[in-house]
Amino acid sequence: MSHNRENEVHLLGNKQVEYSMDYNPSILESVKNRHPHRNFFVKFNCPEFTSLCPITAQPDFATIYISYIPNEKMVESKSLKLYLFSFRNHGDFHEDCMNTILDDLVALMDPRYIEVWGKFTPRGGISIDPYVNYGQPETKWVNFAESRLLQHDLYPEHVDHR
């Protein structure tokens, strides 16, 4: 898994893009953060995420929320879209998908802080909404991550069949 493409953006503006039909973290590309002196959140919402149940192979649908505070690098958005699409035929549990996304994005850009939250549509009358986060080791962001984890869902939303 190589993430050494900093500022070598190949996908943005490329009309000949092929969609990977299998999980593919090598799709991810980074760009330089032009404001590393400032803390700011970047948030992505992916309302059309799909993966497969590893047992039944039935599709699972979710909205994925990715929020992060960049350090020196940021994820390029088109590569993120194609990366998330690569889960379409990937068989894994909801919790594993969210942890994999987090791990791949941390490996790509070493953010100060990042969180990934999957809100899956119900199957069998129950929804699963895994939340994972990460704070850069030996910085204040470790404590921030712990605080966010402990308080991330204090005010659960009204669920209306999504």
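**Pockets, cores and salt bridges of the chain**

Strand 5 gives the most to the lining of the second largest pocket, with three residues. The structure is a predicted model, in which local features need pLDDT of at least 70 and side-chain atom pairs count only at pLDDT 80 or more, whereas totals for chains, interfaces and linings use all residues. Residues are numbered from 1 along each chain as its sequence is written, and side-chain values use heavy atoms, with hydrogens and water left out.

The chain has three helices and six strands, where helices (H or I, at least four residues) and strands (E, at least two) are DSSP runs numbered from the N terminus. Read from the N terminus on, these elements follow the order β-β-β-β-α-α-β-β-α. Of the 162 residues of the chain, 44% count as buried; buried means under 20% relative accessible area, exposed means over 50%, and partly exposed lies in between, with a 1.4 Å probe and protein chains only. Among contacts (heavy atoms within 4.5 Å) between residues at least 6 apart in sequence, 67% join residues at least 24 apart.

The second largest pocket holds about 180 Å³ of space. A pocket is found on a 1 Å grid over the protein atoms alone, as an open set of points where a 1.4 Å probe fits, with protein on both sides within 12 Å along at least five of seven lines, and its lining residues have an atom within 4 Å of a point. Grid points are joined across faces, edges and corners, and a volume is the space filled by probe spheres set on the points. The lining of this second largest pocket consists of K43, Y65, S67, E115, V116, W117, Y131, R148 and H152, and strand 3 and strand 5 each supply at least two of its residues. By class, this lining has four nonpolar, two polar and three charged residues, where Ala, Val, Leu, Ile, Met, Phe, Trp, Tyr, Cys and Pro count as nonpolar, Asp, Glu, Lys and Arg as charged, and the others, Gly among them, as polar.

The largest pocket has a volume of about 280 Å³. Its lining is made up of 13 residues, of which C46, L80, K81, L84 and F85 lie nearest the centre, and the elements that give two or more residues to this lining are strand 2 and helix 1. The largest share, six residues, comes from strand 2. The lining of the largest pocket divides into seven nonpolar, three polar and three charged residues.

Two members of the second largest pocket's lining, E115 and R148, also meet through their side chains in a salt bridge, with an N to O distance of 2.7 Å. This pair links distant parts of the chain, since E115 lies in strand 5 and R148 in helix 3 (residues 140-151), 33 residues apart. E115 is buried, with a relative accessible area of 8%, whereas R148 is partly exposed, at 30%. A salt bridge is a side-chain nitrogen of Lys or Arg within 4 Å of a carboxyl oxygen of Asp or Glu, and by this rule the count comes to two. In the other, the side chains of R123 and D60 meet at 2.8 Å, N to O. R123 lies in the loop between strand 5 (113-120) and strand 6 (131-135) and D60 in strand 3 (residues 59-69), so the pair ties together parts that are 63 residues apart in sequence. R123 is partly exposed, with a relative accessible area of 34%, while D60 counts as buried at 6%.

In soluble globular proteins, nonpolar side chains tend to be buried together. A nonpolar core is a set of buried Ala, Val, Leu, Ile, Met, Phe, Trp, Tyr and Cys residues joined through side-chain atoms within 4.5 Å. Of the 27 residues in the largest such core, F49, I66, M98, I101, L105 and I114 touch the most other members. At least two residues of this core are supplied by each of strand 2 (42-52), strand 3, strand 4 (73-75), helix 1 (77-85), helix 2 (94-109), strand 5 and strand 6, and the largest share, eight residues, comes from helix 2. Residues up to four places away in sequence not being counted, M98 touches F49, I64, V116, W117, G118, F120, P130 and V132. A second, separate core of six residues includes Y113, W117, Y131 and W141.

Two loop residues remain to be described. A57, in the loop between strand 2 and strand 3, has a positive phi of about 65° although it is not a glycine. E138, in the loop between strand 6 and helix 3, likewise is not a glycine but has a positive phi of about 60°, and at 84% relative accessibility E138 counts as exposed.
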